[in-house]
Amino acid sequence: MPRNDGVCFTSCSLKLTPPHPPLAQLSNLQFTPQILINCLKNPPKFPIFNFNPNNSITQFLNNLREPQKFLNSIHFRPPLKSSLLCSASLAISQSNNGGNNNAESDSTGPTQKSSNPGSSSARPSIDQERVLISEVWVRNKDGEELERKDLESEALDALKASRPNSALTVREVQEDVHRIIASGYFSSCMPVAVDTRDGIRLVFQVEPNQDFQGLVCEGADALPSRFIEDAFRDGYGKIINIRHLDEVISSINGWYMERGLFGMVSGVEILSGGMLRLQVSEAEVNNIAIRFLDRTGEPTVGKTKPETILRQLTTKKGQVYSMFQGKRDVDTLLTMGIMEDVSIIPQPAGDTGKVDLTLNIVERKSGGGISAGGGISSGITSGPLAGLIGSCAIYHKNLFGKNQKLNLSLERGQIDSLFRINYTDPWIEGDDKRTSRSIMVQNSRTPGTLVHGNQPDNSSLTIGRVTAGIEYSRPFRPKWNGTAGFVFQHAGARDDKGNPVIRDFYSSPLTASGNTHDDMLLAKIETVYTGSGDPAASSMFAFNMDQGIPVWPEWLVFNRVNARARKGIVIGPTCLHFSLSGGHVVGNFPPHEAFAIGGTNSVRGYEEGAVGSGRSCVVGCGEISFPLTGPVEGVIFADYGTDLGSGPTVPGDPAGARLKPGSGYGYGLGIRVDSPLGPLRLEYALNDQKTGRFHFGVGLRN
């Protein structure tokens, strides 16, 4: 979080500890009017308003019994409001009976009996014996009338027991003193009993607070200056009210808590001239240490280099520590895939008021391994094992202790096959933009039915590709990611015996160059926006472009753009989903690179690619999902897709030769089940030709 270097405003807050009146000092008094007058000539000393702040952050951290539990919790209790410290002293004087109510008289009286202040026999006398009060006045500390009558009214309104012609105990008077102080307008209050010819007059001598003229704030590096200025703006030129200051302190502490920041108001001082000095304590990060643990919690030696872990953290030294930011850092470390458990433990850094962070990390047993799985191909529409694919992989997720990943994978299906070697460096060393690098080499074979359909002579076509490329990717804005790179592709068609072919059953060309293979070098750029939050209401947008580069004269040159967008809207228990995709190709491109329309992730109700194969395409979808039971939900949907009349412009017009309509729609219903692999979709759709078809898919629609 950016620092407010050199901030010093003329605008502050307050959190103080309430005084505990030493009533025991008065418990040894015999409560008679004259003894009351004599004993209160030397009033007990109460603390004056003078707050010496201590290291609040250190105390806060020292009180953390379960730091990790506290870290994981993002629910905070609001700060408890405390009473404010002011002086409250008790005194009494006598008046002379010589006709002047304010003149002193003889102070002789009964002898005071000494007793143990803590004895139970003496305490009830001071609490229960009452003295009749004839008048109640509010005056300043010099005994004169207050200049501001509204302050006199505030003091009188605060009184509860002290009324004219009432019998009071010392405790009741003392409670009224604290009520006057609690009103917030006065810094001190001294009750004085004056013995007059008309009886005892009780005078509350008060000292009003100063008018607020400005504020100096210290230590608030993370707190925005505008926030403090707004909090104090209404108080300029008005008398300082301690209760209002306490509310402002609560709002400032609440600002820190809402953001998970280790900060709070640690002290306030009222300076001369009506100036307030606000002291804020913020726990800056002093040091970040890494501790590797085994599964039993014992220290061990880690495989991952510390710098690889530290650079993933957004929390840096010198920042005010934020628990929310720390939790995001924990999630980031877990997404690396090499950690089994991560926790951050904050501890006070001595008496500096700063905080030391310790990262407890439990690594996975091994960075590498072997995996196996399966999937479904969208290009296979017939056969006993239609679309099923088996896969296995050998991988290492933490090469050289730098989180670099190497993956060798093999996939095999009824027709599909893929052998792929992929190396990824999630963060290039020395780069400060979180740039990743991926190098890929693969040999694949996919069915050609998406564009060329099933051959009438029951033969099959497959598209073989040998591909190699390098890509760089980095986040450039929140939720936005960009990718750029180069990919070389050597592609051609083969029959069911594995022989190269350049034309299909309809004599349509299968390559753009007329050779058995097409070669192309593509420069690729892509940008992706991914919304956060509930997947049901998530947003996504992706745009990518491929540009052929004519390194050799026979290499293909074309430009292809493609865009996809998805949006979810939650309305009560239901959710509306809308998706739209489209693309266009300019130049000389292979027919198998045309946009195939129709199928599970396109227009449902049609076979894969059965709507059209065009140089352009637009596909839209609308869905309504609603919960059924547990993880199962129902879906009603409608799809539409069109090639915008571009089918004949594809080399050889494969769509026209196969009488594809070029546009179509489908609608239906289905069910979805949440699973670790993503949503499992089983759907039934009718197309505009009144033909029904079941579709099964994994994950959200493209």
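The second largest cavity in this predicted model has a volume of about 100 Å³. A cavity here is a set of points, on a 1 Å grid over the protein atoms alone, where a 1.4 Å probe fits but cannot get out. The grid points are joined across faces, edges and corners, and the volume is the space filled by probe spheres set on the points. The lining, made up of residues with an atom within 4 Å of a point, consists of Arg566, His577, Phe578, Ser579, Cys621, Glu623, Arg672, Leu700 and Arg701. The elements that give two or more residues to this lining are strand E24 (574–587) and strand E27 (616–629), and E24 provides the largest share, with three residues. Strands (E, at least two residues) are DSSP runs, numbered from the N terminus. By class, four of the lining residues are charged, three are nonpolar and two are polar. In this scheme Asp, Glu, Lys and Arg count as charged, Ala, Val, Leu, Ile, Met, Phe, Trp, Tyr, Cys and Pro as nonpolar, and the others, Gly among them, as polar.

One of the lining residues is Ser579, which is found in strand E24. Ser579 has a relative accessible area of 14% and is buried; buried means under 20% relative accessible area, exposed over 50%, and partly exposed in between (1.4 Å probe, protein chains only). Apart from neighbours within four places in sequence, Ser579 is in contact (heavy atoms within 4.5 Å) with Ala565, Arg566, Val619, Gly620, Cys621 and Arg701.

Now for the charged pairs. Side chains of opposite charge can pair when their charged atoms come close. With a salt bridge taken as a side-chain nitrogen of Lys or Arg within 4 Å of a carboxyl oxygen of Asp or Glu, the count comes to 29 salt bridges. Glu623 and Arg672, both in the cavity lining, also belong to a salt-bridge network with Arg604, Asp639, Arg681 and Glu683.

Arg560 and Asp546 form a salt bridge in which the closest N and O atoms are 2.9 Å apart. Arg560 belongs to strand E23 (residues 558–571) and Asp546 to strand E22 (residues 539–548), so this pair ties together parts that are 14 residues apart in sequence. Both partners are buried, Arg560 at 13% relative accessible area and Asp546 at 5%. A salt bridge also joins Lys402 to Glu429, with 3.0 Å between the closest N and O atoms. Here the partners are 27 residues apart, Lys402 in the loop between strands E14 (388–399) and E15 (404–413), and Glu429 in the loop between strands E16 (417–425) and E17 (436–447). Lys402 is partly exposed at 24%, whereas Glu429 is exposed at 59%. Glu145 and Lys149 form a further salt bridge (3.1 Å, N to O), and Lys149 is partly exposed at 45%.

Turning to cysteines, the count of disulfides (pairs of cysteine sulfur atoms within 2.5 Å) is zero. Cys189 is buried, with 1% relative accessible area, and Cys575 is likewise buried, at 5%.

A last stop is Glu526, in strand E21 (residues 518–530), which is partly exposed at 29%. Beyond neighbours within four places in sequence, Glu526 contacts Asn481, Gly482, Thr483, Phe543 and Asn544.

Residues are numbered from 1 along each chain as its sequence is written, and side-chain values use heavy atoms, with hydrogens and water left out.

Conventions:
This is a predicted model: local features need pLDDT of at least 70, side-chain atom pairs count only at pLDDT 80 or more; totals for chains, interfaces and linings use all residues. On a 1 Å grid over the protein atoms alone, a cavity is a set of points where a 1.4 Å probe fits but cannot get out, and a pocket is an open set with protein on both sides within 12 Å along at least five of seven lines; lining residues have an atom within 4 Å of a point. Helices (H or I, at least four residues) and strands (E, at least two) are DSSP runs, numbered from the N terminus.
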